[in-house]
2 protein chains.
Amino acid sequence: MTRWALLFEYDGTPFVGWQRQAVGISVQGVMEEAASHLVNRTPVAVTGAGRTDSGVHAAGQVAHLDLPSSLGGQQQMTARRLRDALNYHMKPHPIAVLAAAAVADKWSARFSAINRRYRYRILNRAARPALDQGRVWHVKHDLDLDRMREAALMLMGRHDFTSFRASACQAKSPIRTLDRLELCRDGGVIDIHVEARSFLHHQVRNIVGTLKLVGEGKWTPAQVATALEARDRAAAGPTAPPDGLFLMEVGYETDPFIEPPD
Amino acid sequence: MTRWALLFEYDGTPFVGWQRQAVGISVQGVMEEAASHLVNRTPVAVTGAGRTDSGVHAAGQVAHLDLPSSLGGQQQMTARRLRDALNYHMKPHPIAVLAAAAVADKWSARFSAINRRYRYRILNRAARPALDQGRVWHVKHDLDLDRMREAALMLMGRHDFTSFRASACQAKSPIRTLDRLELCRDGGVIDIHVEARSFLHHQVRNIVGTLKLVGEGKWTPAQVATALEARDRAAAGPTAPPDGLFLMEVGYETDPFIEPPD
């Protein structure tokens, strides 16, 4: 068997999320189905780095799968052939493999990852989105970025994020370290860049939903610190909608998709 | 009557284009229908600055319309009310009015315009688009931007653009002046920025379709000059698909959407 790493993007709108579910079309399900075409329809497991929720998008998701080194006497599998074959079989679903790379047998898209970067986009203007429908959270009320930045500082670093964690979250520990929580505005577009080794379920969306309360003036920045200390989901703000969230990049000790020089 | 200028964006995918047609939903038709709700369903004419084709998008289209100064004894119409009312009545079509402004009676979105800026986006990579489906032209073959830039220089300035004009073009003169034709690459994304006082029908898409031949190495940059001199549509390259084209901005002597200081 050869283990392959895949770098891919998807529009999360039509999916029940990354993970296979009893009902509905998942990104994982479409990829596993496409991969099974390469091995005479025998089942193939695809493991993702981040389990994005329904409606959440990805510009740089990573996964891995194992394929027999010899595929029924055909041409040898190469990274390009795997990329193109998966893209062919995943049509017309909005998922595209950008790159594939052979990796070590013990390499895991999920457990070898040392960093995840998300971007949450808010469209902060009166008019509803036309071009970016489904890709942004539309917030009509003018948000005060300085106040939001002040609140963001209180969430940076290592904390017990119980207040920002979905009740369904399966992680053993609520302790996480936020390495980046930056807000940028370009006209009506506010981008919130978030990075950590790993995240709790709904952590980014719960942080964004809380920062929005501060931006609107409904909360003071200090109330965010109080919410964090409460270690109670009910103490923090609501969950922001999935539309604005993009998994941008998953980081590894060595980037598997950079081809070594000849 | 008060004449109003409108600044708006739309996703061109579901429309037959800007202009009203006998069959199909047009951007103009949706706007006129929405505006008629404000005047007891009497017909309202909306005049656009640029008549984009089916599938072409706009981030900064401009139009104008006339409304009675007094709307049936209701509150006075304001720029914000007009913007919000049109956005309400245009739901769920992907068109959004970003701003409205009262203008002089003789002001015309079309004839007062002194500049139009378009952006054409090519996705130049092996994998088909997932996140940007319908918003880019997917070109798999690696394009040589230096060659394309060399060819672009030959189209800059004032020329007879008959070779780059749709046969259905209704403009009296084929003479146009290209003020900008710039190519930028960011990873797999190539943006082509084009500016002129006005354009011929399909002019941008025919230019892009021809530059792509140069980028692939099928044409030399010099052949583009020959095609231009031929003054024959058959001499230039094919029409690029509408998906990648965005009308970004329409320029006027005075920007009608900038509110004067108090």
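**A contact between two chains**

Author: In this predicted model, a salt bridge joins the side chains of B:Glu9 and A:Arg125, with an N to O distance of 2.9 Å.

Reader: Where do B:Glu9 and A:Arg125 sit in their chains?

Author: The pair crosses between chains: B:Glu9 belongs to strand S1 of chain B, while A:Arg125 lies in the loop between strand S5 (113–123) and strand S6 (137–138) of chain A.

Reader: And are B:Glu9 and A:Arg125 buried or exposed?

Author: Both B:Glu9 and A:Arg125 are buried.

Reader: How many salt bridges are there between chain B and chain A?

Author: There are two salt bridges between chain B and chain A. Polar contacts between these chains amount to 14 residue pairs, both residues being at pLDDT 80 or more.

Reader: Which elements of chain B give two or more residues to the side that touches chain A?

Author: They are strand S1 (2–10), strand S3 (57–67), helix H2 (79–90) and strand S4 (95–103) of chain B. The largest share, four residues, comes from S4(B). By type, the residues on that side of chain B divide into 15 nonpolar, four polar and seven charged.

Reader: How many residues are in contact, then?

Author: On chain B, 26 residues are in contact with 26 residues of chain A. The two chains bury about 1900 Å² between them, and 53% of that is on carbon and sulfur atoms. B:Arg128, B:Ala130 and B:Leu131 supply 39% of the area that chain B buries against chain A, more than any other three residues.

Reader: Why do you say the copies meet through the same surface?

Author: The reason is that 100% of the interface residues of chain B are also interface residues in chain A.

Reader: What rotation superposes chain B on chain A?

Author: A rotation of 180 degrees, with 0.0 Å of shift along its axis, superposes chain B on chain A with an RMSD of 0.0 Å. That is the relation of a two-fold axis. In chain B, the C-alpha nearest the axis belongs to B:Asp132, and it is 5.3 Å away from the axis.

Reader: Changing topic: how many salt bridges are found over all chains?

Author: A search of the whole structure finds 32. One of them joins the side chains of A:Asp160 and A:Arg231, at 3.8 Å from N to O. This pair links distant parts of the chain, 71 residues apart: A:Asp160 is in strand S7 (residues 157–160) of chain A, and A:Arg231 is in the loop between helix H5 (221–230) and strand S10 (245–252) of chain A.

Reader: Why is A:Asp160 called buried? And what about A:Arg231, buried or exposed?

Author: A:Asp160 has a relative accessible area of 16%, and buried means under 20%. A:Arg231 counts as exposed at 54% relative accessibility, since exposed means over 50%.

Reader: Which residue does B:Lys212 form a salt bridge with?

Author: The partner of B:Lys212 is B:Glu216, and their closest N and O atoms are 3.2 Å apart. B:Lys212 and B:Glu216 are both buried.

Reader: Which residues do salt bridges that share partners join into one network?

Author: A:Arg119, A:Arg121 and A:Asp191 are joined in that way. A:Asp191 is placed in strand S9 (residues 189–196) of chain A, and it counts as buried at 12% relative accessibility. Its side chain makes a polar contact of 2.8 Å with the side chain of A:Arg121.

Reader: What else does A:Asp191 touch?

Author: Not counting residues up to four places away in sequence, the residues that A:Asp191 touches include A:Tyr120, A:Glu182, A:Leu183 and A:Cys184.

Notes
Residues numbered from 1 in each chain as written. Chains lettered and ligands numbered in written order. Predicted model: local features only at pLDDT ≥ 70, side-chain atom pairs only at ≥ 80, totals over all residues. Heavy atoms only, no water. Least-squares fit on C-alpha atoms with pLDDT ≥ 70 in both. Contact = heavy atoms within 4.5 Å. Buried area = accessible area lost by both parts, 1.4 Å probe. Salt bridge = Lys/Arg side-chain N within 4 Å of Asp/Glu carboxyl O. Polar contact = N/O pair within 3.5 Å; in protein donor to acceptor, adjacent residues only side chain to side chain. Nonpolar A, V, L, I, M, F, W, Y, C, P; charged D, E, K, R; others polar. Buried < 20%, exposed > 50% of the residue type's maximum accessible area, 1.4 Å probe, protein only.
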